[in-house]
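Please keep the structure open while reading.

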Amino acid sequence: LDDLERGARLDAPDTGSSGQTLATLAKKFESRLESLGFQRIEALGKTFDPSLHEAALRRPGATTDEVLEELRSGWMLADRVVRPAVVAVAE
């Protein structure tokens, strides 16, 4: 899923439909994970929570400890964090 999302983000819209195709595949894969009970951790704009997020970068921002960017999606299964979201946090 990470590679599909990264490819969809990096592929410029004017280079053809491959970016759209990757985005569609990523959405389908994400839907399948959700049908199995996995939940994506919403990170962008939230306050940094070390139990849900892993800080990879600190950047200037308006609000201290606000998640500015999600670098890698995080996932939960029931109430358990399977993989924390890797994020950039405001300093």
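This is a predicted model: local features need pLDDT of at least 70, side-chain atom pairs count only at pLDDT 80 or more; totals for chains, interfaces and linings use all residues.

Contact is taken here to mean heavy atoms within 4.5 Å. With neighbours up to four places away in sequence left out, Val 67 touches Ala 43, Leu 44, Gly 45, Lys 46, Phe 48, His 53, Val 87 and Ala 88.

**Overall make-up**

- The secondary structure consists of two helices and six strands, and along the sequence these elements follow the pattern α-α-β-β-β-β-β-β.
- The C-alpha trace of the chain spans about 40 × 35 × 15 Å along its principal axes, and 25% of the 91 residues are buried.
- Among the contacts between residues at least 6 apart in sequence, 56% join residues that are at least 24 apart.

- Strands of a sheet pair through backbone hydrogen bonds, in either a parallel or an antiparallel way.
- Three strands form an open sheet here in the order β1-β4-β5, with antiparallel pairing; β1 and β5 (80–83) are the edge strands, each of which pairs on one side only.
- Neighbouring strands of this sheet are turned against each other by 40 degrees on average, when direction is ignored.
- Strand β4 (residues 74–77) pairs with β5 in the antiparallel sense over three bridges, and Met 76 has Val 81 in β5 as its bridge partner.

**The nonpolar core and His 53**

- The largest nonpolar core has five residues in all, namely Ala 43, Val 67, Ala 85, Val 87 and Val 89; strand β6 (residues 85–90) contributes the largest share of this core, three residues.
- His 53, which is found in strand β2, has a relative accessible area of 4% and is therefore buried, given that the cut-off for a buried residue is under 20%.
- Leaving aside neighbours within four places in sequence, His 53 is in contact with Ile 41, Glu 42, Ala 43, Thr 47, Phe 48, Val 67, Pro 84, Ala 85 and Val 87.

**Salt bridges**

- Side chains of opposite charge can pair when their charged atoms come close, and the structure holds five salt bridges.
- One of them joins the side chains of Glu 30 and Arg 40, at 2.9 Å from N to O; this pair links distant parts of the chain, with Glu 30 in helix α2 (residues 18–35) and Arg 40 in strand β1 (residues 38–41), 10 residues apart.
- Glu 30 and Arg 40 are both buried, and together with Glu 70 they are linked in a network of salt bridges.
- Another salt bridge brings together the side chains of Arg 59 and Glu 69, at 2.4 Å from N to O; Arg 59 lies in strand β2 (residues 53–59) and Glu 69 in strand β3 (residues 67–72), so this pair ties together parts that are 10 residues apart in sequence.
- Arg 59 is partly exposed, with a relative accessible area of 31%, and Glu 69 is partly exposed as well, with a value of 32%.
- Asp 65 forms a salt bridge with Arg 58, in which the closest N and O atoms are 3.3 Å apart; Asp 65 is partly exposed, with a relative accessible area of 29%, and Arg 58 is partly exposed, with a relative accessible area of 47%.

Note on methods. Residues are numbered from 1 along each chain as its sequence is written. Side-chain values use heavy atoms; hydrogens and water are left out. A salt bridge is a side-chain nitrogen of Lys or Arg within 4 Å of a carboxyl oxygen of Asp or Glu. Helices (H or I, at least four residues) and strands (E, at least two) are DSSP runs, numbered from the N terminus. Buried means under 20% relative accessible area, exposed over 50%, partly exposed in between (1.4 Å probe, protein chains only). A nonpolar core is a set of buried Ala, Val, Leu, Ile, Met, Phe, Trp, Tyr and Cys residues joined through side-chain atoms within 4.5 Å. Two strands pair if DSSP finds at least two bridges between them. Axes are lines fitted to C-alpha atoms, for helices over the stretch in contact, and angles run from 0 to 180 degrees between N-to-C directions.
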